[in-house]
Amino acid sequence: MFNSYTESLAVFFGINVLMAFSVYLPSSAGLISLGQGGFMAIGAYTSALLTAKDVPFALALAAGAAVAALIGVLVAAPAVRIRGIYLIIATLGFGEIVRILFINLEFAGGASGLSGIRPLTTLWYVVGVCFFVGLCLWRLRTLTLGRAILAVHEDETAAEAMGIKLLQTKLIAFGGGAAIAGLAGGLFAHYALFIDPEQFGFSRSAEAFLFVVLGGSGNPLGPVIGAAVVTLLPEVLRFLQDWRMSFFAVLLIGCAIWRPGGLVAARPPSRL
Amino acid sequence: MVFLQQLINGVMLGSTYALVAIGYSLIFGVLRLLHFAHGEVFMVGAFIGLGAVVYLHVGPLVALLCAAVGCALLGVVIEFVAFRPIRRRNGSLLAPIVSSLGVGLLLQEVATNLFGAEQTRFPPQFEGEMIRLGGLFVTSTQLFILGTSFVLMLAVHLFVSYTKYGMAMRASAESTDVARLLGINVDTVIVLTFAFASALGGVAGVLVGFAFSAISPFMGVSMSIKGVAIMLIGGLGSIYGAMVGGLILGVVEVMTVGYLASSYRDAFSFALLIIMLLVRPQGLFSGASAAKR
């Protein structure tokens, strides 16, 4: 049905959608992260090391997501006190620290990376995980937790006065985002079959951030569209050859100027 | 003795970091903007310096001047094309970050297409001669870098402290609204800030090119991230914090490579960043709100 080119494009698009979701969930609680590449790395390495020990793939993926979520909560616990630009810088620093840590971890291959990962990710696996996560996020918006997250985003003080547990809500949002990034990392590792720390550096984190800001962070559809644009546009622009990334960069600047709220405008969920 | 030698190397590296971070801080101070393309301006500066040396056969000082002027112009263009339209439309907090990432990518891609992705270097005569000071070795290039950086830092200090435009810059950093009420043309100040910051970044690019002979379109990426780290360590928007933070980071990096392992080189800078965020988020110099003195 697919040739290998379109299949790999679809798989990487799905992984990018997951990375977009991983930025979207914390951002809907007002927590902007420029370090999701770090959580992706944690998920990728954890699951790859586990499947090398013959752990079933689904279990390894879940373990990768769990470890990423755990570290996400540990990082976020002190970090959610800081806001706005400080949080962006903190997450950026976290992403870099994870990258440097993996460079120095001998059992994970160090700077030369981990190769010979088993090819366990299939297109349908990616599609399934994407739909599952997407549905969860969509459903979340009308649940108590989702509304609490939205309230925290709109006005922290007012939310707290309404009895919403600020720290708990933020930790769930941030930990959830980290878990999704961990899932994306696990799927990525078992498709790329080779991972090294540089694949999860600043550019990966910035890319995930762009998916959400470009697409719009109002609802889960925005990040999907952002990921689609960023993943597929360079393919469509192939006729520009060496200049396609330059064109893409110009497009980014244009979007920041003319569509600062994202391609899909924000619309809050229906009233109670 | 080894320690002292490492210290000198660290201060030299740190002084170039400081120049980049001062630019970051000036822009952040006035605009509250994380200018992620500043590392790419630094990269462009290195290429302008290289071009001046290779094609115009000029000396190091003229090369620095070319880079400063070229990057100042580039900075002004960036402000007019990528940031001013967003401010006019009262874009969100995140739109300028997207825009700066776009500018950074654009400069990187254009540089790759024009100069190729490989590393290039300055002609060998720019490595300088070895000078012996007691038991220490320094090259004339190292002394040149140190001298230039410190002269420039002093110039920055004098500029923001005593000139009319420097004071306007500080006032705008304090509050753009109040500055406007007091009759300061904030738009002019912003253009000036971009020109000034970018010129410093360009000079730093040439200096790093002299010191490490490794110029590539991607040399700005790590500088962009390190600039943010330094700025935070020193205190967001504080130019003196940027100077001290840059020097500290340079020394820490060189010591790490010297006494631990080169793969840990960047670990400490970011560990320092996280510790500062948790313990003293306003930075060493508590100019958190503005490019104060």
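Okay, let's start inside chain A: the buried residues of H5(A) pack against helix H1 (4-27), helix H6 (144-154) and helix H8 (166-192) of chain A. A residue is buried if 20 or more other C-beta atoms lie within 10 Å of its own, exposed if 12 or fewer, and partly exposed in between, with C-beta atoms placed from the backbone. Helices are DSSP runs of H or I with at least four residues, strands are E runs with at least two, and both are numbered from the N terminus.

Quick housekeeping: this is a predicted model, where local features need pLDDT of at least 70, side-chain atom pairs count only at pLDDT 80 or more, and totals for chains, interfaces and linings use all residues. Residues are numbered from 1 along each chain as its sequence is written, while chains are lettered from A and ligands numbered from 1 in the order in which they are written.

So which residues of H5(A) are buried? They are Val126(A), Val129(A), Cys130(A), Val133(A), Leu137(A) and Leu140(A). They sit on the same side of H5(A), because they cover an arc of only 100° around the axis; that arc is taken from the directions from the helix axis to the C-beta atoms.

Zooming out, chain A has eleven helices and zero strands. Of its 272 residues, 53% are buried. Among contacts in chain A with a separation of 6 or more, 79% join residues 24 or more positions apart; a contact means two C-beta atoms, placed from the backbone, within 7 Å. The C-alpha atoms of chain A fill a box of roughly 55 × 45 × 35 Å along the principal axes.

Now the partner. Chain B puts 37 residues in contact with 35 residues of chain A. H4(B) gives the most to that side of chain B, with twelve residues. By class, that side has 28 nonpolar, six polar and three charged residues. Here Ala, Val, Leu, Ile, Met, Phe, Trp, Tyr, Cys and Pro count as nonpolar, Asp, Glu, Lys and Arg as charged, and the others, Gly among them, as polar.

Last, confidence. The model scores ipTM 0.86 and pTM 0.89. Over residues 287-293 of chain B, though, the pLDDT is below 50. Where pLDDT is low, the predicted coordinates should not be read in detail.

Conventions
pLDDT is the predictor's confidence in each residue, from 0 to 100.
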